[in-house]
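Me: Hey, I've got a model open and want to go through some of its contacts and the sheet. Can you walk me through it?

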Amino acid sequence: MSKVAVLGITGNAGSRIANELLARGHSVTGIARDPSKAPARAGLRLVAADATQAATLAPLLQGHDVVVSATRFVGGIDAATLVAAARQAGVPRIAVVGGAGSLEVAPGVALIDTPQFPEAYKAEAGAGRVFLQALRDVQGLDWTFLSPSALFAPGERTGQFRLGGDQLLVDAQGNSHVSMEDFAVALVDEIEQPRHPRQRFTVGY
């Protein structure tokens, strides 16, 4: 079993990823500004910290096999800080909860660049695209960036989904969606059996 640090454990995605990790017997360190929002459980250690500072974060990551970043891109940890902290701590793998905005809907056309992309999400999606590109430029560190489908909301854990690469997944009705619970399953599957080293991949129905 792995020792996994989860940044942003009190958030929608982070809490579900922690649930999935714990259910499979992994040891989890949850890091958040206010970890009191996360329920205490066996196998879970909670730490209050500002993850946006590499000097603060690195000591907390020591001894872990993987660090999962489930913070927002705007106002959360940036790629350079995450990479620096992982390197300082000797953590060999990074897994990032990405966004759908940088996925392609046509060759060379990202979802964020389409006219129908909501203005309210552009800043976060744009920052996510910058984060992904920064990871792609990193040498000597294993990382994975998992983008959800366009509609990413709490729902059911079905364990039934499809994986893709850099293209947005849509179902037979033209919808692009995945539950946060199934997203967590896909991410923990990747932690347990890496199939996308130094790659972005996506999950959807």
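Predicted model: local features only at pLDDT ≥ 70, side-chain atom pairs only at ≥ 80, totals over all residues.

Reply: Let's start with arginine 200: its side chain makes a polar contact with the side chain of serine 102, at 2.9 Å. Polar contact here means a pair of N or O atoms within 3.5 Å; within protein, one must be able to donate a hydrogen and the other to accept it, and residues adjacent in sequence count only if both atoms are side-chain atoms.

Me: Ok. Which side chain does aspartate 166 join in a polar contact?

Reply: That of arginine 200, at 2.7 Å.

Me: Is arginine 200 buried or exposed?

Reply: Buried, because its relative accessibility is 6%. The cut-offs are under 20% relative accessible area for buried, over 50% for exposed, and partly exposed in between (1.4 Å probe, protein chains only).

Me: What else is arginine 200 in contact with?

Reply: Leaving aside neighbours within four places in sequence, its contacts include Gly99, Leu103, Leu132, Arg136, Trp143 and Phe145. Contact means heavy atoms within 4.5 Å.

Me: And where does arginine 200 lie?

Reply: In strand β12, residues 199–204. Strands (E, at least two residues) and helices (H or I, at least four) are DSSP runs, numbered from the N terminus.

Me: Switching to the sheet. In what order do the strands come?

Reply: Eight strands form an open sheet in the order β3-β2-β1-β4-β5-β8-β12-β10, with mixed pairing. The edge strands are β3 (44–48) and β10 (162–164), each pairing on one side only. Neighbouring strands are turned by 20 degrees against each other on average, direction ignored. Two strands count as paired if DSSP finds at least two bridges between them.

Me: How many bridges do β4 and β5 have, and in what sense do they pair?

Reply: Four, in the parallel sense. Valine 68 has alanine 95 as its bridge partner in β5, and serine 69 has valine 96. On the other pairing, β5 and strand β8 (residues 142–147) are parallel too, over five bridges. There, arginine 93 stands opposite aspartate 142, and valine 96 has phenylalanine 145 as its bridge partner.

Me: What about β1 and β4?

Reply: Strand β1 (residues 3–7) pairs with β4 in the parallel sense over four bridges. One of the partner pairs is alanine 5 with valine 67.

Me: Which residues of β4 are buried?

Reply: Val66 and Val68 on one side, Val67 and Ser69 on the other, so both faces of β4 (residues 66–69) are covered. In β5, five of five residues are buried: Arg93, Ala95 and Val97 on one face, Ile94 and Val96 on the other.

Me: What does valine 97 touch?

Reply: Apart from neighbours within four places in sequence, its contacts include Ala13, Ile17, Ala70, Phe73, Leu146 and Phe183. Valine 97 counts as buried because its relative accessible area is 8%.

Me: Helices next. Which unit do β4, α3 and β5 make?

Reply: A right-handed β-α-β unit, with α3 at residues 79–89. Right-handed means that, with the strands pointing away from the viewer, the path from the first strand over the helix to the second runs clockwise.

Me: And α2, which residues are buried there?

Reply: In helix α2 (residues 54–61), they are Ala54, Leu57, Ala58, Leu60 and Leu61. They cover an arc of only 165 degrees around the axis, which puts them on the same side of α2; the arc is that of the directions from the helix axis to the C-beta atoms. These buried residues pack against β1, β2 (27–32), β3, β4 and α3. Just after α2, glycine 63 takes a positive phi of about 90 degrees.

Terms used
Residues numbered from 1 in each chain as written. Heavy atoms only, no water. Axes fitted to C-alpha atoms, helices over the stretch in contact; angles between N-to-C directions.
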